[in-house]
Amino acid sequence: MSTLFHKIIRREIPADIVFEDEHLIAFRDIAPQAPVHVLFVPKDTFATLNDVPADRPEVIGRLAVAAANYAKAQGFDEDGYRIVMNCNGDGGQTVFQVHLHLLAGAPLGRFGTPA
Ligand code: AMP
């Protein structure tokens, strides 16, 4: 599979990368929905959260811990933030490589109401 995010991982298209290790990459969302909006993407390929096997929970855990570490490093961990994973159509997923959104930098509105 080769999504937009795989191309960012391979440096085939540019992105504002804020963190990378052997497991994941994090870069700023091109259309931010909050003052801070960073995407955390595993380097292993899984189209959606549904595709992450039961014996690979670390794939998702690493994304969440990397997001918390980024919040601490940037100094907004105590103010707070939101992490979100969209899955398939009703969840609003548009890029089919699993990823976690980190939103922060201002009080965030409520969520979960039908579009
Ligand atoms: P989702 O809708 O959950 O699949 O999230 C996909 C996100 O990718 C959206 O918030 C887009 O704004 C973001 N996005 C799309 N293209 C790029 C890009 N080239 N660089 C950074 N973020 C992007």
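Biologist: Which residues touch the most other members in the largest nonpolar core?

Modeller: Val-38, Phe-40, Tyr-70, Phe-76 and Leu-102, out of 19 residues in that core. Keep in mind that this is a predicted model, where local features need pLDDT of at least 70, side-chain atom pairs count only at pLDDT 80 or more, and totals for chains, interfaces and linings use all residues. Numbering runs from 1 along each chain as its sequence is written, and side-chain values use heavy atoms, leaving out hydrogens and water.

Biologist: What makes a set of residues a nonpolar core?

Modeller: The members are buried Ala, Val, Leu, Ile, Met, Phe, Trp, Tyr and Cys residues, joined through side-chain atoms within 4.5 Å. Buried here means under 20% relative accessible area.

Biologist: Why is Arg-11 called partly exposed?

Modeller: Its relative accessible area is 49%, and exposed would take over 50%, buried under 20%, so a value in between counts as partly exposed (1.4 Å probe, protein chains only). Arg-11 sits in the loop between α1 (4-9) and β1 (17-20), with phi near 65°, a positive value in a residue other than glycine.

Biologist: And why is Asn-88 partly exposed?

Modeller: With a relative accessible area of 31%, Asn-88 is partly exposed too. Asn-88 lies in helix α3 (residues 88-91), and its phi is near 60°.

Technical notes: Helix = DSSP H or I, 4+ residues; strand = E, 2+ residues; numbered from the N terminus.
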